[in-house]
Amino acid sequence: MIVASETLKGKRITLQKAVKSFAMAQVHNNEVKKSLPELSPWLGWATEEYAIEDSYEYLQGCVQEWDKGTEFNYMIFDENKNFMGMISALNVKEKDKCFEIGYWISTRFSGKGYMQEAVTLIEKEFFGLGINRIVIHTDVLNKKSANVPQNLGYILEGIQRQALWNKKEKRYRDINTFSKLRSEYEQSL
């Protein structure tokens, strides 16, 4: 089983293993609510109806998945300990040595390179643990999200046509598939 560090420290941010508490659920939910105009087009769960109880349930699931070694969900904090968003190593396949990164960041921190730093911290940790391949999926219309892997040297493998149902728009969306291999990561050091 992969054993990941609970804290990853960068130059401007810290990634901390997600914790389940009502106080953290309130903070999480507050940032989601403030960022709904930017999050809701891309994340089906980001709706006006998303309640503190939903945040708490999500954080509870984060802890359970971490303990099973199938997902590693990190909260992102700035140097002032402000909660900024989430980044996760999802669908960890230890046998295949691969996983997918999922992320979101609060609007007030968007566009400042914080998510690139978070992805870089995840890469360093997990390639160091023997992972061979990391995948990032983005909606083809979500240019800001796609900029993260593009700026970090991920390869666009292709577009999955009509791969995701958008409940709000009642239509399928196309999804970019980006990847980076450990050998590519090591060459960039």
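1. Ground rules. Residue numbers start from 1 along each chain as its sequence is written. The model is predicted, so local features need pLDDT of at least 70 and side-chain atom pairs count only at pLDDT 80 or more, while totals for chains, interfaces and linings use all residues, and side-chain values use heavy atoms, with hydrogens and water left out.

2. Helix H3. Helices here are DSSP runs of H or I with at least four residues, and strands are runs of E with at least two, numbered from the N terminus.

3. Its two sides. Ser 55, Leu 59, Cys 62 and Trp 66 are the buried residues of H3 (buried is under 20% relative accessible area, exposed over 50%, partly exposed in between; 1.4 Å probe, protein chains only). Because they span an arc of only 50 degrees around the axis, they sit on the same side of H3 (the arc is that of the directions from the helix axis to the C-beta atoms). Glu 53, Glu 57 and Lys 68, on the other side, are exposed.

4. Strands at S8. S8 (171–181) runs antiparallel to S6 (133–139), joined by seven bridges; pairing takes at least two DSSP bridges. His 137 has Thr 177 of S8 as its bridge partner. S7 (155–166) also pairs with S8 in the antiparallel sense, over eight bridges, and Ile 159 is bridged to Asn 176 in S8.

5. The hairpin. Four residues lie between S7 and S8, and Lys 170 in that turn has a positive phi of about 55 degrees.
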